[in-house]
Amino acid sequence: MPLIELRGIERVFQLGDSTVHALSRLDLAIDVGEYVAVMGPSGSGKSTLLNLLGLLDRPDAGAYRLEGRDVTTLSPEEQAEVRSRRIGFVFQSFHLVPRLSAAENIALPMTLAGVPAKERAGRVARALQDFALENRADHRPDQLSGGQRQRVAIARATIMNPALILADEPTGNLDRHTGDEVVRLLEALNGRGVTIVVVTHDPTLGARARRQLVMEDGRLQHDSGKPA
Amino acid sequence: MRPADILRFARVAATGYPLRTALSVLAMSIGVAAVVVLTALGDGARRYVVGQFASLGTNLVIVLPGKTGTGGFNPATAITSTPRDLTIDDAAALLRAPAVKRLAPLAVGTSEISYGGKLREGLVAGSTAQFLEVRNFELAQGRFLPDEDWHRGSAVAVIGAKIREEIFGPNAAVGQLVRIGDRRVRIVGVLKSSGQGLGMNTDELVIVPVALAQAMFNSNTLFRILVEAKSREAIPAAKAEVLEILKTRHQGEEDVTVITQDAVLATFDKLLGALTLGVAGIAAISLAVAGILVMNVMLVAVTQRTAEIGLLKALGATGRTIRLAFLAEAAMLSTVGAGVGYLLGHLGAFGVRLAFPVFPAYPPHWAVVAGLTTALATGLLFGVMPARRAARLDPVQALMKH
């Protein structure tokens, strides 16, 4: 059974008088443990796809099954619950809460989910160790380097042990070296069985994924994983 | 999200923008402080006046010549005199009323009092020995007027503390002969200093027998008859009896006004109570303004933190969690504001009491409770709209804003 199953997905935006088909008749299946890169020019629908996979956006038509469960019909509160337990996000601009320390930022998903403080402390300590951030626990985001910030963001994305990590240009704001570091972290997570979907412009980053999807005008132009 | 975490999150969020937070706390605290101080002033005025009336004497029924149109207390009748005479014999006749404990006729006028080359203008009150008990006066030295025939008018006087001080200085006053108007009068007693007593400052009063006063001012009219009822319950009976007796004596014509201290007191109590309420209402407007300010601050906070709200949603926060977090922040701002305002208000009332020791400027409890609850309620009420707006933000749109 695939982790993600999209069937006949449509997403239409109304821009003034014209209608834009951000996604049209999209069918896609991603198995558990896959490492997928989504590429394509700006406006091809990559980000819309990612938002849709992350339940931040709803399709206008079609069905989205996550772990065999139809999630398009869930209420907003139920979708929040699915985001909380099953999905982790990594953003290009990190999206850390500026007034919270690194440790508090990592703990944020657990805080929102109502995990007891004691358990939070233990899991945050382990995550800080895993991502080599022990000395940065009490630093605020503006006291961290870009690489450290993205490591905090990845630690935050994984703290709830999600099945799926969605990364939107995770290396876009980083230099080559720190970018590589972040990619290796994501690949290590994939090595432990977490499904990774990365949206990127960067062909070298895309080439490292085991499966490449190329999008254009809201359609899948190329899927390396599909037997031709 | 656990309640403790929501509170902590809201606190960190509020302290993350110190200026904004300080301003809204300040606005709220000024509102609450205004309620506390203004009601303290209003209620202080009420207590002051009531206290002044109480110091007039207890269970008093006051008879004044002339008839006012309505039964209510008209401040004008307390000042103006009327042509209809009220005589010493009228007063003496009232002693027959069973509900009357004691009474004192009162004739007043101003005259010059002189001694050893010093001259002073003073209010001269003509009355009887019972005046002392009826008005709750206390003597500092000597004795009061002699209990004699009311028509006799011995040449004696009792003076107030200030008059004594000004005319005799450090020398003994009791036993001295002074001149009041064109009469020579012996000082027999000095009143204890008691301060202001509703327009009639007893410290500057000269009390002589009523017949003497009438002779001095060449009139046989009384200014007032002060009647003390046997008890508080006997006041209505005393009033009715007094009216009946005077009506009989005045050929069946009801040409006097009888007011009770209770009625006067109740009128002032109501009047000043309403004043306090009005002032509290005005102060409450500033609370509403503070509430609107909290709403604005929270709306700005929602706009400022749009990206953060999008992030929280992406991280699995439900709309309810986000609503609660913003409501908690608004509640926190108004709670702290209300607390600070409460302290400021009490400090202000304390300052007023320090500056005017005779003025009992204590805020009434109802005003304090109402002020604090209004502050919290407006804070929460005006926090609802921004919180709902935050919860309804579209996460995709919110995340795109940096």
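**View 1. Strands β3 and β8 of chain B run side by side.** In this predicted model, β3 (residues 118-127) of chain B is joined to β8(B) by five bridges, and the two run parallel. (Strands are DSSP runs of E, at least two residues, and helices are runs of H or I, at least four, numbered from the N terminus; two strands pair if DSSP finds at least two bridges between them.) Look for B:S127, which sits opposite B:P209 in β8(B). Strand β8 (205-209) is mostly covered, with five of its five residues buried (20 or more other C-beta atoms within 10 Å of a residue's own, C-beta atoms being placed from the backbone).

**View 2. Chain A has an open sheet.** Four strands line up as β2-β1-β4-β5, with antiparallel pairing. The edges are β2 (18-30) and β5 (69-70), each pairing on one side only. In β5(A), A:R69 stands opposite A:L66.

**View 3. Here chain B meets chain A.** 20 residues of chain B are in contact with 22 of chain A (C-beta atoms, placed from the backbone, within 7 Å). On chain B's side, α10(B) gives the most, with six residues.

Residues are numbered from 1 along each chain as its sequence is written, while chains are lettered from A and ligands numbered from 1 in the order written. Since this is a predicted model, local features need pLDDT of at least 70 and side-chain atom pairs count only at pLDDT 80 or more, but totals for chains, interfaces and linings use all residues.

Terms used: Contact = placed C-beta atoms within 7 Å. Buried ≥ 20, exposed ≤ 12 C-beta atoms within 10 Å, placed from the backbone.
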